[in-house]
Amino acid sequence: MDNRRTADKWRLENDVLRPLYSLARWARVRLRVLQRDPLCLVCGNRASAVADHVIPAHRYVAEHNGDIEAFYDESKGLCKVCHDSKTRRGE
């Protein structure tokens, strides 16, 4: 069995922060980040496609005592390739 698929399925079904990504507020934050950072801030070669949390969202919210407002802080624009690579490394 592919552990990545199992982990992704679990995350999609159980991640308490996941629903925040479908809210209009996150869409506005994402749009502002992608406009501010049109090129990926890691490689600088590709267009930004992902508003990436500088600190992983779960850790950042936990560091702020569960304050969901922290979810909307500190994002940067990355291309999908760099974002996926960063996520795989657990950053």
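**Reading a predicted chain**

From the N terminus on, the elements of this predicted model run α-α-β-α-β-α.

Student: How many helices and strands does the chain have?
Tutor: Take the order of elements, α-α-β-α-β-α. The secondary structure comes to 4 helices and 2 strands.

Student: Which element has the lowest mean pLDDT?
Tutor: The chain averages a pLDDT of 85, and 87% of the residues score at least 70. Helix H2 has the highest mean, 95. The lowest mean, 66, belongs to helix H1 (residues 3-14).

Student: Which elements give two or more residues to the largest nonpolar core?
Tutor: That core has 12 residues, among them Trp26, Val29, Val33, Ala57, Tyr60 and Val61. Now place them by number. The elements are helix H2 (24-36) and helix H3 (57-63).

Student: What does phenylalanine 71 touch, not counting residues up to four places away in sequence?
Tutor: Phe71 is itself one of the residues of the largest nonpolar core. Leu17, Leu20, Trp26, Ala57 and Val61 are core residues too. With those included, Phe71 touches Leu17, Leu20, Tyr21, Trp26, His53, Ala57 and Val61.

Student: Which side chain does a polar contact join to that of histidine 83?
Tutor: Histidine 83 is in helix H4 (residues 80-88). Leaving aside neighbours within four places in sequence, histidine 83 is in contact with Val50, Asp52 and Leu78. The polar contact, of 3.3 Å, is with the side chain of aspartate 84.

Student: What percentage of the residues is buried?
Tutor: Buried means under 20% relative accessible area. The chain has 91 residues. The buried share is 30%.

How values were computed. Residues numbered from 1 in each chain as written. Predicted model: local features only at pLDDT ≥ 70, side-chain atom pairs only at ≥ 80, totals over all residues. Heavy atoms only, no water. Core = buried A, V, L, I, M, F, W, Y, C linked by side-chain atoms within 4.5 Å. Buried < 20%, exposed > 50% of the residue type's maximum accessible area, 1.4 Å probe, protein only. Contact = heavy atoms within 4.5 Å. pLDDT = per-residue confidence, 0-100. Polar contact = N/O pair within 3.5 Å; in protein donor to acceptor, adjacent residues only side chain to side chain.
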